[in-house]
Amino acid sequence: APLRPERRTIALIGLMGVGKSTVGRRLAGRLNLPFVDGDAEIEAAAGMSIPEIFAQLGEPEFRAGEARVMKRLLEGPPIVLATGGGAVLNPDTRTLMKRRAISVWLRAELPVIAERVSRRDTRPLLRGRDPLEALSTLAEARYPIYAEADVVVDVGEGAHGQAVAAVISAL
Ligand code: S3P
């Protein structure tokens, strides 16, 4: 049975490949909230794919656009929001998220994530690099920020259903 609709946005944060979109879509269904993928919104706004934005405009432009999209979504009606792994690097985004959303850090073992991201080649930050090494570098810089989330949920290998249940019980 659908749960009582949440009245706040649920923002999923964490490294690329951890399953924010997969968990988010299922969570949204359970909570009766719309699901929004932040990366897809950026691509729609730019009329380009993420790799194209990085290649043609550069990462700083991507980050600026990402912050604008995050602001629009966080100031809007409640949704389940899958954020890009780097979205919370922006302090304004973090502040807005604190005010307007329940943030949930989806955390998984780095080798599990490395295995997932190796199956697709859509992440400019990993291109041409050893996934585990690149993810470790990102983790080192970002885990202190992700750790500020309201809720932390561990995602096991292929255990997205359990992660959805864990988020719901933590809300
Ligand atoms: C990024 C993560 C990606 C995407 C971009 C940059 C990052 O999103 O926004 O490639 O800095 O971690 P996902 O976390 O949805 O893969």
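Reply: Leucine 126 is found in the loop between α6 and α7. Residues are numbered from 1 along each chain as its sequence is written. The model is predicted, so that local features need pLDDT of at least 70 and side-chain atom pairs count only at pLDDT 80 or more, while totals for chains, interfaces and linings use all residues.

Me: Why does leucine 126 count as buried?

Reply: A residue is buried if 20 or more other C-beta atoms lie within 10 Å of its own, exposed if 12 or fewer, and partly exposed in between, with C-beta atoms placed from the backbone. Leucine 126 has 20 C-beta neighbours inside 10 Å and therefore counts as buried.

Me: What is leucine 126 in contact with, leaving aside its neighbours within four places in sequence?

Reply: Two residues are in contact if their C-beta atoms, placed from the backbone, lie within 7 Å. With those neighbours left aside, leucine 126 is in contact with Val117, Pro131 and Ala134. Leucine 110 is 16 residues from leucine 126 in sequence, and their C-alpha atoms are 14 Å apart in space.

Me: Where does arginine 123 lie, and why is it called partly exposed?

Reply: Arginine 123 lies in the loop between α6 (110-118) and α7 (131-146). Helices such as these are DSSP runs (H or I, at least four residues), strands are runs of E of at least two, and both are numbered from the N terminus. Arginine 123 has 19 other C-beta atoms within 10 Å, so it is partly exposed. Not counting residues up to four places away in sequence, arginine 123 touches Met16 and Val117.

Me: Which residues does the UniProt annotation "binding site" cover?

Reply: According to the unreviewed UniProt entry, the annotation covers Gly17, Val18, Gly19, Lys20, Ser21, Thr22 and Arg123. UniProt positions are given in the numbering used here, feature names are shortened, and annotations may be inferred rather than shown by experiment.

Me: Is glycine 17 buried or exposed?

Reply: Glycine 17 has 23 other C-beta atoms within 10 Å, and therefore it is buried. Its place is in the loop between β1 (9-13) and α1. Leaving aside neighbours within four places in sequence, glycine 17 is in contact with Ile113, Arg116 and Val117.

Me: What makes serine 21 partly exposed?

Reply: Serine 21 has 16 other C-beta atoms within 10 Å, so it is partly exposed. Serine 21 is in helix α1 and, with neighbours within four places in sequence left aside, is in contact with Asp37 and Ala82.

Me: Why is α1 called oblique to α8?

Reply: Helix α1 (residues 20-31) and helix α8 (residues 160-170) pack at an angle of about 50°, with their axes 9 Å apart. Angles under 35 degrees count as roughly parallel, over 145 as roughly antiparallel, 65 to 115 as roughly perpendicular and the rest as oblique. The angle therefore makes α1 oblique to α8. Axes are lines fitted to C-alpha atoms, for helices over the stretch in contact, and angles run from 0 to 180 degrees between N-to-C directions. The contact is made by Thr22, Val23, Arg26, Leu27 and Arg30 of α1 with His160, Ala163, Val164, Val167 and Ile168 of α8.

Me: What makes α4 roughly parallel to α5?

Reply: Helix α4 (residues 59-74) and helix α5 (residues 91-100) pack at an angle of about 10°, with their axes 10 Å apart. That angle makes α4 roughly parallel to α5. The contact is made by Ala67, Met70, Lys71 and Leu74 of α4 and Asp92, Thr93, Leu96, Met97 and Arg100 of α5.
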